[in-house]
Amino acid sequence: MSNLKMLIVILIALFVTAQQAMAVPTVLNSGFEADTFLNGPGGTSAQNGGSITNWTIGGGASQVGLNPFWTDNTRTTVAGSPHADNGVVPEGDQVAFVRSSASLSQLVAGFDPGTAYRVRYRENNRSGGNSPGVLEVSLGGLVVVPDHATTPVGGANPYRSIVSDVFVATSSSHTLAFTSTTGLDRSVLIDDVQITPLSDARIAHWKFDEVGGQTAIDSSGNGFDGQLGATPGVDAN
(Lines give C-alpha, C1' and ligand atoms only; values in the text may rest on other atoms or scores of the structure.)
Protein backbone atom coordinates (compact mmCIF):
# COMPACT_ATOMS: atom_id res chain seq x y z
CA MET A 1 0.00 0.00 0.00
CA SER A 2 1.35 3.43 -0.95
CA ASN A 3 1.98 6.07 1.71
CA LEU A 4 -0.84 8.17 0.26
CA LYS A 5 -3.36 5.31 0.42
CA MET A 6 -2.26 4.50 3.96
CA LEU A 7 -2.72 8.14 4.98
CA ILE A 8 -6.23 8.19 3.50
CA VAL A 9 -7.17 4.99 5.35
CA ILE A 10 -5.84 6.43 8.62
CA LEU A 11 -7.74 9.68 8.15
CA ILE A 12 -10.98 7.83 7.40
CA ALA A 13 -10.49 5.63 10.46
CA LEU A 14 -9.85 8.66 12.65
CA PHE A 15 -12.96 10.40 11.26
CA VAL A 16 -15.18 7.37 11.87
CA THR A 17 -13.80 6.95 15.38
CA ALA A 18 -14.41 10.61 16.15
CA GLN A 19 -17.97 10.35 14.85
CA GLN A 20 -18.65 7.27 16.95
CA ALA A 21 -17.11 8.83 20.06
CA MET A 22 -19.03 12.09 19.79
CA ALA A 23 -21.25 12.66 22.79
CA VAL A 24 -24.99 12.61 22.09
CA PRO A 25 -27.00 13.93 25.08
CA THR A 26 -30.00 11.85 26.10
CA VAL A 27 -33.29 13.61 26.83
CA LEU A 28 -35.18 11.36 29.24
CA ASN A 29 -38.89 10.74 28.62
CA SER A 30 -38.46 12.69 25.39
CA GLY A 31 -41.85 11.62 24.05
CA PHE A 32 -43.73 12.07 27.36
CA GLU A 33 -44.85 8.44 27.38
CA ALA A 34 -43.82 7.49 30.93
CA ASP A 35 -47.02 8.75 32.58
CA THR A 36 -50.74 8.35 31.99
CA PHE A 37 -53.41 10.97 32.71
CA LEU A 38 -56.85 9.51 33.22
CA ASN A 39 -58.98 12.64 33.11
CA GLY A 40 -59.11 16.26 32.05
CA PRO A 41 -59.18 18.99 31.06
CA GLY A 42 -56.56 20.48 33.33
CA GLY A 43 -52.92 20.13 34.15
CA THR A 44 -50.83 17.88 36.35
CA SER A 45 -51.99 19.32 39.68
CA ALA A 46 -54.47 16.51 40.33
CA GLN A 47 -52.51 13.73 38.62
CA ASN A 48 -49.22 11.88 39.01
CA GLY A 49 -48.38 13.76 42.20
CA GLY A 50 -48.25 16.99 40.23
CA SER A 51 -45.32 15.82 38.12
CA ILE A 52 -44.16 14.47 34.76
CA THR A 53 -41.39 11.86 34.93
CA ASN A 54 -37.87 13.31 34.38
CA TRP A 55 -39.22 16.84 33.82
CA THR A 56 -39.41 19.77 36.25
CA ILE A 57 -42.56 21.90 36.13
CA GLY A 58 -42.31 25.64 36.63
CA GLY A 59 -45.05 28.21 36.88
CA GLY A 60 -47.71 25.94 38.37
CA ALA A 61 -48.60 22.28 37.91
CA SER A 62 -52.10 23.19 36.71
CA GLN A 63 -50.59 24.87 33.63
CA VAL A 64 -48.76 21.78 32.36
CA GLY A 65 -50.17 18.44 31.31
CA LEU A 66 -50.29 15.47 28.95
CA ASN A 67 -52.74 14.95 26.13
CA PRO A 68 -54.88 13.25 25.02
CA PHE A 69 -56.52 12.06 28.23
CA TRP A 70 -57.47 8.43 28.76
CA THR A 71 -60.40 6.58 30.28
CA ASP A 72 -58.06 3.96 31.77
CA ASN A 73 -54.56 2.55 31.45
CA THR A 74 -55.45 0.91 28.12
CA ARG A 75 -55.30 4.46 26.76
CA THR A 76 -58.80 4.74 25.36
CA THR A 77 -59.07 8.42 24.43
CA VAL A 78 -61.57 10.56 26.32
CA ALA A 79 -63.94 12.13 23.81
CA GLY A 80 -63.49 15.62 25.29
CA SER A 81 -59.69 15.68 25.19
CA PRO A 82 -58.95 19.27 24.08
CA HIS A 83 -55.94 18.48 21.91
CA ALA A 84 -56.75 14.93 20.75
CA ASP A 85 -57.39 15.92 17.12
CA ASN A 86 -54.37 18.20 16.71
CA GLY A 87 -52.51 16.25 14.06
CA VAL A 88 -50.55 13.01 14.14
CA VAL A 89 -48.64 12.49 17.40
CA PRO A 90 -44.96 12.37 16.33
CA GLU A 91 -43.66 9.96 18.99
CA GLY A 92 -45.74 7.41 20.90
CA ASP A 93 -49.36 8.32 21.51
CA GLN A 94 -49.35 11.37 23.74
CA VAL A 95 -47.71 14.79 24.00
CA ALA A 96 -47.00 17.40 26.67
CA PHE A 97 -48.49 20.87 26.76
CA VAL A 98 -47.57 24.11 28.53
CA ARG A 99 -49.63 27.28 28.82
CA SER A 100 -49.78 30.63 30.61
CA SER A 101 -46.27 31.28 32.04
CA ALA A 102 -45.44 27.64 32.81
CA SER A 103 -42.35 25.69 31.81
CA LEU A 104 -41.02 22.17 31.44
CA SER A 105 -37.29 21.71 32.04
CA GLN A 106 -34.74 18.95 32.44
CA LEU A 107 -31.04 18.77 33.32
CA VAL A 108 -29.64 16.84 30.34
CA ALA A 109 -26.35 14.96 30.67
CA GLY A 110 -23.96 13.69 28.01
CA PHE A 111 -22.64 16.88 26.40
CA ASP A 112 -19.09 17.13 25.13
CA PRO A 113 -17.73 20.58 26.12
CA GLY A 114 -16.77 22.57 23.05
CA THR A 115 -19.08 20.61 20.74
CA ALA A 116 -21.94 22.39 18.95
CA TYR A 117 -25.50 21.04 19.29
CA ARG A 118 -29.03 21.79 18.17
CA VAL A 119 -32.34 21.12 19.93
CA ARG A 120 -34.90 19.41 17.70
CA TYR A 121 -38.54 18.89 18.64
CA ARG A 122 -42.10 18.86 17.28
CA GLU A 123 -44.64 21.53 18.18
CA ASN A 124 -48.30 22.23 17.67
CA ASN A 125 -50.93 24.66 18.94
CA ARG A 126 -54.39 24.13 20.33
CA SER A 127 -57.05 24.10 17.62
CA GLY A 128 -59.96 26.47 17.69
CA GLY A 129 -59.99 29.11 20.43
CA ASN A 130 -57.27 30.13 22.86
CA SER A 131 -54.77 30.71 20.07
CA PRO A 132 -51.95 31.36 19.47
CA GLY A 133 -49.64 29.89 22.06
CA VAL A 134 -46.18 31.42 22.42
CA LEU A 135 -43.14 29.31 23.23
CA GLU A 136 -39.46 29.93 24.01
CA VAL A 137 -36.75 27.25 24.23
CA SER A 138 -33.50 27.64 26.14
CA LEU A 139 -30.47 25.42 26.67
CA GLY A 140 -27.85 26.12 29.31
CA GLY A 141 -29.60 29.41 30.10
CA LEU A 142 -29.28 30.64 26.51
CA VAL A 143 -32.31 31.13 24.26
CA VAL A 144 -31.94 28.77 21.26
CA VAL A 145 -35.51 29.16 19.92
CA PRO A 146 -36.83 32.70 20.50
CA ASP A 147 -40.39 33.11 21.73
CA HIS A 148 -42.69 32.66 18.76
CA ALA A 149 -46.38 32.31 18.11
CA THR A 150 -47.46 28.79 17.18
CA THR A 151 -50.29 27.84 14.86
CA PRO A 152 -52.47 24.73 14.98
CA VAL A 153 -51.73 21.63 12.91
CA GLY A 154 -54.68 19.26 12.72
CA GLY A 155 -56.12 16.25 10.97
CA ALA A 156 -53.68 13.77 9.42
CA ASN A 157 -50.83 16.31 9.33
CA PRO A 158 -47.66 15.87 11.41
CA TYR A 159 -46.58 18.38 14.00
CA ARG A 160 -44.11 21.03 12.83
CA SER A 161 -40.43 20.14 13.12
CA ILE A 162 -38.44 22.85 14.90
CA VAL A 163 -34.64 23.06 14.81
CA SER A 164 -32.91 25.46 17.21
CA ASP A 165 -30.00 27.82 16.81
CA VAL A 166 -26.54 26.38 17.46
CA PHE A 167 -25.52 25.86 21.10
CA VAL A 168 -21.91 25.18 22.10
CA ALA A 169 -21.63 23.09 25.26
CA THR A 170 -19.49 24.42 28.09
CA SER A 171 -19.95 21.45 30.44
CA SER A 172 -21.15 17.85 30.43
CA SER A 173 -24.72 18.79 31.45
CA HIS A 174 -27.06 21.67 30.64
CA THR A 175 -30.68 22.51 31.46
CA LEU A 176 -33.16 22.34 28.59
CA ALA A 177 -36.33 24.40 29.13
CA PHE A 178 -39.57 24.94 27.21
CA THR A 179 -41.39 28.05 28.47
CA SER A 180 -44.83 29.39 27.58
CA THR A 181 -44.66 33.20 27.50
CA THR A 182 -48.26 34.28 26.86
CA GLY A 183 -49.42 34.47 30.48
CA LEU A 184 -52.78 33.25 29.13
CA ASP A 185 -54.66 29.97 28.69
CA ARG A 186 -53.07 29.26 25.31
CA SER A 187 -51.49 25.83 25.05
CA VAL A 188 -48.42 24.79 23.07
CA LEU A 189 -48.03 21.05 22.44
CA ILE A 190 -44.53 19.51 22.51
CA ASP A 191 -43.20 16.08 21.53
CA ASP A 192 -40.18 14.13 20.22
CA VAL A 193 -37.48 16.20 21.96
CA GLN A 194 -33.88 15.57 20.86
CA ILE A 195 -30.46 17.19 21.18
CA THR A 196 -28.06 16.29 18.38
CA PRO A 197 -24.44 17.23 17.58
CA LEU A 198 -24.09 19.77 14.81
CA SER A 199 -21.77 17.40 12.93
CA ASP A 200 -24.60 14.88 12.47
CA ALA A 201 -24.29 14.59 8.71
CA ARG A 202 -27.80 13.32 7.97
CA ILE A 203 -29.64 15.83 5.80
CA ALA A 204 -32.99 14.04 5.60
CA HIS A 205 -34.46 10.61 6.28
CA TRP A 206 -37.95 9.61 5.17
CA LYS A 207 -39.28 6.34 6.61
CA PHE A 208 -42.64 6.52 4.77
CA ASP A 209 -44.33 4.94 7.80
CA GLU A 210 -47.02 7.62 8.30
CA VAL A 211 -49.83 5.16 7.32
CA GLY A 212 -51.97 7.97 5.87
CA GLY A 213 -51.89 11.57 4.71
CA GLN A 214 -49.89 13.41 2.08
CA THR A 215 -46.85 14.35 4.18
CA ALA A 216 -43.65 12.28 4.47
CA ILE A 217 -42.02 13.14 7.79
CA ASP A 218 -38.28 13.81 7.86
CA SER A 219 -37.14 11.49 10.66
CA SER A 220 -33.69 13.11 10.82
CA GLY A 221 -35.21 16.06 12.66
CA ASN A 222 -33.85 18.55 10.13
CA GLY A 223 -37.33 19.61 9.12
CA PHE A 224 -37.35 18.54 5.46
CA ASP A 225 -40.86 17.08 5.43
CA GLY A 226 -42.00 16.10 1.94
CA GLN A 227 -45.37 16.51 0.22
CA LEU A 228 -46.64 13.45 -1.66
CA GLY A 229 -48.69 15.07 -4.38
CA ALA A 230 -52.13 16.56 -3.82
CA THR A 231 -54.58 13.68 -4.27
CA PRO A 232 -55.32 11.68 -1.09
CA GLY A 233 -55.52 7.93 -1.63
CA VAL A 234 -53.71 8.12 -4.96
CA ASP A 235 -50.43 10.02 -4.60
CA ALA A 236 -49.91 8.66 -1.09
CA ASN A 237 -50.15 4.98 -2.04
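Colleague: Which residue is the bridge partner of A109 in strand 10?

Modeller: Happy to look! This is a predicted model, where local features need pLDDT of at least 70, side-chain atom pairs count only at pLDDT 80 or more, and totals for chains, interfaces and linings use all residues. Residues are numbered from 1 along each chain as its sequence is written, and side-chain values use heavy atoms, leaving out hydrogens and water. Strand 4 (residues 103-109) and strand 10 (residues 173-180) pair in the antiparallel sense over seven bridges; strands are DSSP runs of E, at least two residues, numbered from the N terminus, and pairing takes at least two DSSP bridges. In strand 10, the partner of A109 is S173.

Colleague: Nice. In what order do the five strands of the open sheet run?

Modeller: The pairing in this sheet is antiparallel. Strand 1 (56-58) and strand 7 (142-149) are the edges, each pairing on one side only. The order is 1-4-10-6-7.

Colleague: Is S164 buried or exposed?

Modeller: S164 sits in the loop between strand 8 (160-163) and strand 9 (167-168). Its relative accessible area is 2%, and buried means under 20%, exposed over 50%, partly exposed in between, with a 1.4 Å probe and protein chains only. So S164 is buried.

Colleague: Which backbone nitrogen does the side chain of S164 reach?

Modeller: Leaving aside residues up to four places away in sequence, S164 touches R118, V119, V144 and V145, a contact being heavy atoms within 4.5 Å. At 2.8 Å, the side chain reaches the backbone nitrogen of V119.

How values were computed: Helix = DSSP H or I, 4+ residues; strand = E, 2+ residues; numbered from the N terminus. Polar contact = N/O pair within 3.5 Å; in protein donor to acceptor, adjacent residues only side chain to side chain.
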